[in-house]
Amino acid sequence: MVLSEQEQIRRESLTKLRELGIEPFPAAQVKVTHLSSDVHAEFKEGAEVEMAGRIMSKRIMGKASFAELMDAGGRLQLYFNRDEICPTEDKTLYNEVFKKLLDFGDFISVKGKQFTTQVGEQSIAVKEFKIISKALRPLPVVKTDADGKVHDAFTDPEGRYRMRYVDLLVNDKVKEIFIKRSKVFASMRTFFGEQGYMEVETPILQPIPGGAAARPFITHHNALDMEQYMRIACELYLKKLIVGGFDGVFEFAKTFRNEGLDRTHNPEFTMMEIYVTYKDYNWMMDFTEAMLKRVCKDVLNGFEVKAGDKTIDFSKPFKRVSMTAAIKEHTGFDIKGKSEEELAAWCKANGIGVDASMGRGKLIDEIFGEKCEPHYIQPTFITDYPIEMSPLCKVHRDDPTLTERFELMVNGKELANAYSELNDPIDQRNRFEQQAKLADRGDDEAMFIDQDFLRALEYGMPPTSGMGIGIDRLVMLLTGQSSIQEVLLFPQMRPEKVEKKVELNELETQVMELLKKENPVEMNLIKERSGFSNKQWDKTIKSLRNHSLVHVSKVGDEVMVDLV
RNA sequence: GAUUCGGUAGCUCAGCUGGUAGAGCAUAACACUUUUAAUGUUAGGGUCCUGGGUUCGAGCCCCAGCCGGAUCACCA
C-alpha cells in the first residue's frame, strides 16, 4: 500500500506516542458530562466539564492554543495553555503531544472549565486531556469564515456518497438531513401508535414477489434449493395479517426493485405501508392528510417546504380531484365513456406516444402523467383510477370502470398511493388472471398469482383501506433535496476499482530479465536492447521505479539503471 | 440505455498553440500566552483516472475503456 506523505506522518506520530508511553487507542471507557450543545445551551462560567470528541482544528500561538472539538452535539472551542496542561517542569504533553502529535481528526477526552474568551466565545479551558483514538487519514479541511461562508467544502458527489462517514463529519448540513429522516420515522410511529396500530415485520425474502408491478431481484436459497425474490412490496403479507385479525398494521419496509438508478430511484428504498380495517379510501385521505401534517409539525416545526422556486404548503386542506376531472381540467378532454380507440386517437393528436399494447387504463394513465401530473404542486389527492391499473383495489362503488384508489401528488410527483382494498376473493382471482394474460403477452411487470394470498382472502378479509408512502421521496421533500442519494446514507454505487496489483506487466518483466543479466547498466543501452518505443520505455521504467524495483542515477553524462 | 460535462497534491480548483506541473487550505520546521478562514518566515508533497495511438515531445490532440454528475429515455 502506498501511503501519502500525510498518512506516513500520522503513522509516525502514532509510533512516537507509544514511545512516550501513551496508548493512542486506549480501552477504558470515557467519562462525558457535557456535549458541546449542552455547554452552549446552559453556559456557566467556571463550571467543570468532561467531554470527548474529535479535534477539527488547531490554532497554536506559542504557549497557548485554541482547538475546536466536535462531538454529537456540535462544535465547541477548547483553550489549551501550556502551563495549565503541564504544571511541572516537563512540558512534553503540551509541546510534543498536543502541538505535534495530535492531528486534525483525532479523538480526545478533556477535563476543564467553562469560560468566555476576550472575543466573547464560549470555550473550555482545558486542564487535562487524553488522546483516545487516532485518525490515520487526514480529513478534508473545510473552513467557515466569519460570514458563515464555507470554503473548500468536500463537494465531490462520488467521494461524498462512497465515504459518507467523511461527508457527515465535514459537511454539517448533511447530518441535519439524516436527523430529519430519523424524525420522520419517529413521528409516523408515534402517530400510528396513538391510534393503536401495530408495527410488524414481514418477509423480505419471498417465494413470489407480490403487491406491485416491478422487476424483482432474484436470489437462491441453498438449503431449500429454490429461487427467492427480494420483496417489491409488502402489501400481500400485511393483508394476510388483517385476515389474521389485527385491526391496523404497518411496516417500514426496505424494498427492492431491479430497475435503473437515477435522481429519484435507488434499487433499495424505503416504503411505509399501513392497513386499517373497516375503513375506505375516503377515510384514508383524511388519515394521510393528518399524518403528513403531524410529520411536518414534528420534523420541521412548520408546514412550508421549499422545492426549487416553489413553496409547498401542507397546512391547508389537501384538494381532492378525480382523475377524470383532472384530465378534463387540464386538457378539456372528457375521458368518461370513451373507448380505447377514441383515447388512443386523442393521444396521437396531442403528442402522446402510444403503442398497440396499451389498454384503456394505460392510455388514461399516460394522459394524466403527461398533461396533468406536473400541475399538482400543492398536496392534492387524485382519485378514482381506471380499473386496469389497479389489480388489488376495490371497484368504485359508483362506476365499474374505476377503482377506489387515490394517489397523493406533491410537487408534481406521486408521494403516496392508497386503496379501498379488494377483499372479494373471486374478483381478486379474476384480476390476477387478467394480469397473467398480460404476462403471457410479454408484460414482464405483470403481477404473479399468489395462491396463498387468495386462500387468505377466501377465509375472509374485512373491509380495509391501505396506504403506501415512499419515505425517501417524503424526506427529499421535507429536506429540499432533489436527489435521492442525498437522503440515503449509503446510496447504491458501482464498486470502486480494486487497488492496482503489484504484479508486473509483460514489458516490465522483460526489463527485469535484462537487468538480471547485466546490472547496473547504462540506460540507453538497455533501452536499445529492449526494443521498446520511447513511450513504452518511459512508462515501464517509471513504473518499475514506482514499485521501488529499480534505481536510476546519473553518473557523469551517463544515466545508470540499477536493481534495488 | 442515449447525450453531455468532469476525473490534476490529503481537500477545493487553475493550467499556455502540445515544450521542465501551479495556487489556496492541509502537512513539516521555526516564531508567537485569548485566537477563530489566527498570523509571519521557510520547506516538502504528483501514477495529471486507465490502456493504446499521433508527435522529436502529450495533463492538453485522437481512439477505446473505467468511475462520477447533470439531462433525457425506461420504470407501479
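Is Asp-152 buried or exposed at 65% relative accessibility? Asp-152 counts as exposed because its relative accessibility is 65%, where exposed means over 50% relative accessible area, buried under 20% and partly exposed in between (1.4 Å probe, protein chains only). The structure is a predicted model, in which local features need pLDDT of at least 70, side-chain atom pairs count only at pLDDT 80 or more, and totals for chains, interfaces and linings use all residues. Residues are numbered from 1 along each chain as its sequence is written, chains are lettered from A and ligands numbered from 1 in the order in which they are written, and side-chain values use heavy atoms, with hydrogens and water left out.

Although Asp-152 is not a glycine, its phi is positive, at about 55 degrees. Asp-152 sits in the loop that links β7 (150-151) to α5 (157-162); helices (H or I, at least four residues) and strands (E, at least two) are DSSP runs, numbered from the N terminus. Asp-225 also has a positive phi, near 50 degrees, in a residue other than glycine. Its loop runs between β10 (218-221) and β11 (226-230), and Asp-225 counts as exposed because its relative accessibility is 58%.

The largest nonpolar core has 47 residues, of which Met-188, Phe-192, Met-272, Ile-274, Met-291, Met-467 and Ile-469 touch the most other members. Such a core is a set of buried Ala, Val, Leu, Ile, Met, Phe, Trp, Tyr and Cys residues joined through side-chain atoms within 4.5 Å. The most is given to this core by helix α9 (residues 281-300), with nine residues. Leaving out residues up to four places away in sequence, Ile-469 touches Met-188, Thr-270, Met-271, Met-272, Met-291, Leu-292, Leu-415, Ala-416 and Leu-474, contact meaning heavy atoms within 4.5 Å.

Helix α7 (residues 172-194) packs against α9, their axes coming within 9 Å and crossing at roughly 135 degrees. Axes here are lines fitted to C-alpha atoms, for helices over the stretch in contact, and angles run from 0 to 180 degrees between N-to-C directions. The two helices, α7 and α9, are therefore oblique to each other; angles under 35 degrees count as roughly parallel, over 145 as roughly antiparallel, 65 to 115 as roughly perpendicular and the rest as oblique. The crossing of α7 with α9 is right-handed, a crossing being left-handed if the near helix is turned anticlockwise from the far one by less than a right angle, and right-handed if clockwise. On the α7 side the contact includes Val-184, Met-188 and Phe-192, and on the α9 side it includes Phe-287, Met-291 and Val-295. By class, the residues of this contact are 10 nonpolar, two polar and five charged. Ala, Val, Leu, Ile, Met, Phe, Trp, Tyr, Cys and Pro count as nonpolar, Asp, Glu, Lys and Arg as charged, and the others, Gly among them, as polar.

Helix α7 also meets helix α15, at an angle of about 120 degrees and with the axes 10 Å apart. This pair, α7 and α15, is therefore oblique, and its crossing is right-handed. Residues of α7 in the contact include Ile-177, Val-184 and Met-188, while those of α15 include Ile-471, Leu-474 and Leu-478. Eight nonpolar, one polar and three charged residues make up the contact of α7 with α15. Helix α15 (residues 471-479) is mostly covered, with eight of its nine residues buried. After α15 comes Gly-480, with a positive phi near 70 degrees.

Another helix pair is formed by α11 (residues 340-349) and α12 (residues 360-372), packed at about 30 degrees with axes 9 Å apart. Helices α11 and α12 are therefore roughly parallel to each other, and their crossing is left-handed. Here Glu-340, Leu-343, Ala-344, Trp-346 and Cys-347 of α11 meet Arg-360, Leu-363, Ile-364 and Ile-367 of α12. The contact of α11 with α12 has seven nonpolar, two charged and no polar residues.

Finally, Thr-380 belongs to strand β17 (residues 380-383) and counts as buried because its relative accessibility is 4%. The C-alpha atoms of Thr-380 and Leu-408 are 5.6 Å apart, although 28 residues separate them along the chain.
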